[in-house]
Amino acid sequence: MNEVDNVGDTALAIAERFGYKDGARQLFLYRWQVRAANSEKMEGKPLYYHQQCDTANPVWLQGTQVITHCTHVSIEMFTR
């Protein structure tokens, strides 16, 4: 992903230069996901609220403490 060509440009830089906004966005998001997956968890440090609710830090109950919430949604609720 971070490989450069003989001029020194990455795929992201080339996509941005030639105006491929969708491709540049996808390359940026992919690079971000790879970087985030390789990051280490911070043990023992206080987290901000948005970090506490991240899927990498599960806060939901497991085992015998699990609560299942069910709801009934009818199609009439969304039609006029």
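What pLDDT does the protein average, and what share of the residues score at least 70? The average is 79, and 75% of the residues score at least 70; pLDDT is the predictor's confidence in each residue, from 0 to 100. This is a predicted model, in which local features need pLDDT of at least 70 and side-chain atom pairs count only at pLDDT 80 or more, while totals for chains, interfaces and linings use all residues. Residues are numbered from 1 along each chain as its sequence is written, and side-chain values use heavy atoms, with hydrogens and water left out.

**Figure 1. The three helices of the protein.** The secondary structure comes to three helices and zero strands, in the pattern α-α-α along the sequence. Helices (H or I, at least four residues) and strands (E, at least two) are DSSP runs, numbered from the N terminus. Confidence is highest in H1, at a mean of 92, and lowest in helix H3 (residues 49–52), at 75.

Figure 2. Of the 80 residues in the protein, 6% are buried. Buried means under 20% relative accessible area, exposed over 50%, and partly exposed in between (1.4 Å probe, protein chains only). Phe-18 lies in the loop between H1 and helix H2 (21–38) and counts as exposed because its relative accessible area is 56%.

**Figure 3. The salt bridge between Arg-17 and Asp-9.** A salt bridge is a side-chain nitrogen of Lys or Arg within 4 Å of a carboxyl oxygen of Asp or Glu; by this rule the count comes to two. Side chains of opposite charge can pair when their charged atoms come close. In the bridge between Arg-17 and Asp-9, the closest N and O atoms are 2.3 Å apart. Asp-9 lies in the segment before H1, and its relative accessibility is 17%, so Asp-9 counts as buried. Not counting residues up to four places away in sequence, Asp-9 touches Glu-3, Val-4, Ile-14 and Arg-17, where contact means heavy atoms within 4.5 Å.

**Figure 4. The salt bridge between Arg-25 and Asp-22.** Here the side chains meet at 3.0 Å, N to O. Both residues lie in helix H2, three residues apart, which is about one turn of the helix. Arg-25 has 45% relative accessibility and therefore counts as partly exposed. Asp-22, at 54%, counts as exposed.

**Figure 5. The surroundings of Ala-11.** Ala-11 lies in helix H1 (residues 11–17). Its relative accessibility is 39%, so Ala-11 counts as partly exposed. Residues touched by Ala-11 are Glu-3 and Leu-27, not counting those up to four places away in sequence. Ala-11 and Ala-24 are 13 residues apart in sequence, and their C-alpha atoms are 8.2 Å apart in space.
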